[in-house]
Amino acid sequence: MSIRKLPVLVMIVSLLLVSATIWAGGQNEADGAQADGSAPIKIGVAAPITGNWAEYGLGFEVATAMAAEEINAAGGINGRSVELVVMDSKGDAKEATAIARQFSDDDDILAVVGDFSSTCCMAAAPIYEEAGLVQISPTASNPNYAGLNEYMFGVMGVQSAEGPFVGEYLLGNYVGAERVAVVYLNNDWGVAAKTFLIETAKEIGIDVVAEENHVDGEKDFTALLTKIQQSNPDTICLVTFYNECAIIANQVAQMNWDVQLTALGPGASEQIIELGGANVEGFLTSTPFFATNDGVSRASAFKTDFESRAGFTLNVHSACAYDALNMVAEAMRNSDVLSRESVRDELAGMKGFEGVTGPIEFQPAGDIVRKYLIVGIEDGKWVQMTDYSYAE
Amino acid sequence: MYVLQQLVNGICQGSIYALMAIGYALIFGVVGLVTFTYGEIIMLGAFSAFYYFIVFGDNLILSLLCGFVVAGLVGIVVHKVCYQRFLDAPRYISLIATIGMSMFIKNLAIIVFGSTMKGLPLFFEGQNLVIAERTIDGVRQQLSLTYLQVVVIVTVVVLSIALTLFLNKTRIGMRLRAVSQDRKAAALVGVNVKNTTLLGNCIGCGFGGIAGILLGLYYNSIIPTMGGVAGLKAFSAVVIGGLSNIAGAAIGGISIGIVENLGIAFIPNGSGYRDVYAFLFLIIALVIKPEGLFSRRTGTV
């Protein structure tokens, strides 16, 4: 090493030393605060904030932040404030497991809200189990997910309920479909959802004439659509999310094909209207939750607040994320001695929780059964459909 | 009829791959290196059109030009950062630099453009060119091209011809080819290798930008992460075609498109395996002819 570089080296070393000291000092401070029980309670949030499902992930981020702010404004949990640690899983199972490890290793984190897709949640499940950490997913609805281990919870409602609803009420009663082509996303959620859907559809006498899958991120559906057109369906049922729904609607329009489009999964997503425009008029989908601006209900106030912060329309997934965080807070309030274990026990035994999406009470496996609604796009807006037998 | 329709779908998709592959082959030729930033160049081209449409309105031809210029300029930056400084260094350094550049551009794009999918305006909505039509057992079958497919194919063909003429009939084109064939010999006969490489990289990236716009228009959706698979497909097409062979790259791209669509058409519930067909085809092609199906010379890798 030349003599000229020496001062630089000395500077770097001393900088490192200084920062290490500061860091160590900070650590001690945190430990001290922890001991007297006034430090914030940390809750992890894992969501696909970037990537193909970003609308949902951003919704998670905004909704959980809103819930945390409300909790803190109301005095926190037994005097301690809530702090969220948000991580971006990009909708990738590999990222989700890496995040699970980070959350598990951080002893301050007492529960995790997330992830979005069943695939990510299921990949992370064994890691959370090992750490004894609760993962409460706002959206995972694969029927196998919540039963994986006792630390897994889901508030969206399982596919063993939504699939049959779409089959019987949306396709059967409302549309009156006779020949249905099913296009589904090839992941844990998609396969489970379409299996239940097709089972019910066949039971009530609907002819499922074609069944095709696609992978996440697919853009070109021309070959797939040309293929299912051969079997002459009167209705297409898409078991997938908003991006694909909009792209398929556009490509169906390009083909000049007059066919009813229905979906299970995207919910009343604003992105569909933005990407599909006139091509998604008449598009129908099921959803467990649909907020209207009636100005009185709790859901309406939540919707207004959410939309002013997020800049896009409230979807069911975000509402579920809001409820999930509130449930975790409720479980923490009920704990005598707050620990990861107590959060789990209190969640599993919680009775009478009333969320913006309705009452939530876990079944023994850790999931719930919901009622569903049919919503559709009319004049570029989501509206709730009521003229079918199940409607209240 | 059904087979023909799927063939048409395949050719149309394949022609976008072909355009990407042509640009890639040009870059590979003059720079002599595999690049990993190409996918991101494609993405930037698509986004430049997105903003062009917002600011200046829906003019298809000018937006393509805009994509070409933007992607070309980014190509210059990539060249300055990733290649120029490392011309005499071991080759893997440039390679790693392009990987880093790719991640940088992609993540910067997520921050600047936002991570959600965006739609480009719809051109020629619902307008088809019906070539033949028949009804069998109540099922309507037709062989048709959407206007958008026609525009895509015509654009690709015109650009390919223009590039071929440019490379063979102009002095600059000849310099490009000379550098592509042998850098040292080209330098010895008085070609400015540095500037020629820069120009080739620039034009190649410009083609990538146009391909990105066509991709975005065809699927009516663009997203900052769209470059990954697109870049890989372009690379595969180039490898099948014999690396720096322009015509080979085009044929490689079109054949990948056809293979993918026919795979989807004939394998039951096989729509999810698009990439399996494409890359299986690549492997088979390499096993049969490792130097590329249309390569005239060997040993450039």
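Which residues are exposed on the other side of helix 6 of chain B? Keep that in mind while you load things up, and remember that this is a predicted model.

**Stop 1: helix 6 of chain B**

Select residues 171-181 of chain B, which make up helix 6. Show side chains for B:Gly173, B:Leu176 and B:Val179, and you have buried residues of this helix. Now look down the helix axis: the buried residues fall within an arc of 125°, so they line one face of helix 6 of chain B. Turn to the other side of the helix, and there is the reply to the opening question: B:Arg171 and B:Gln181 are exposed.

Next, bring in what sits over the buried residues. The cover includes helix 1, helix 5 (147-169), helix 7 (183-188) and helix 8 (193-219), each from chain B.

**Stop 2: the nonpolar core**

Stay with helix 1 of chain B, residues 2-31, for the move to the next stop. The largest nonpolar core has 210 residues, and this helix gives the most to that core, with 15 residues. Over in chain A, pick A:Phe103, A:Ile136, A:Leu225, A:Phe283 and A:Leu347, the residues with the most contacts inside the core. Domain 1 and domain 2 of chain A both contribute residues, so the core lies between them.

Zoom in on A:Ile136. Leaving aside neighbours within four places in sequence, its contacts include A:Val112, A:Val113, A:Gly114, A:Phe153 and A:Val155. Further along chain A, A:Ile136 also touches A:Ala324, A:Met327, A:Val328, A:Leu347 and A:Phe362.

**Stop 3: two domains of chain A**

Colour chain A by domain: domain 1 is 41-157 + 294-361, and domain 2 is 160-287 + 374-385. Their C-alpha centres lie 28 Å apart. To display the contact, you need 17 residues from domain 1 and 21 residues from domain 2.

How much area do domain 1 and domain 2 of chain A bury between them? About 1,500 Å², with 48% of it on carbon and sulfur atoms. Select A:Asn52, A:Trp53 and A:Glu55: these supply 34% of the area that domain 1 buries against domain 2, more than any other three residues.

**Stop 4: A:Asn187**

You'll find A:Asn187 in the loop between strand 6 (179-185) and helix 6 (188-203) of chain A. Is A:Asn187 buried or exposed? With a relative accessible area of 14%, A:Asn187 is buried, because the cut-off for that is under 20%.

Key. Residues are numbered from 1 along each chain as its sequence is written. Chains are lettered from A and ligands numbered from 1 in the order in which they are written. This is a predicted model: local features need pLDDT of at least 70, side-chain atom pairs count only at pLDDT 80 or more; totals for chains, interfaces and linings use all residues. Side-chain values use heavy atoms; hydrogens and water are left out. A nonpolar core is a set of buried Ala, Val, Leu, Ile, Met, Phe, Trp, Tyr and Cys residues joined through side-chain atoms within 4.5 Å. Buried means under 20% relative accessible area, exposed over 50%, partly exposed in between (1.4 Å probe, protein chains only). Helices (H or I, at least four residues) and strands (E, at least two) are DSSP runs, numbered from the N terminus. Domain bounds come from an automatic or database domain assignment. Contact means heavy atoms within 4.5 Å. The arc is that of the directions from the helix axis to the C-beta atoms. Buried area is the accessible area (1.4 Å probe) that two parts lose on being put together, summed over both.
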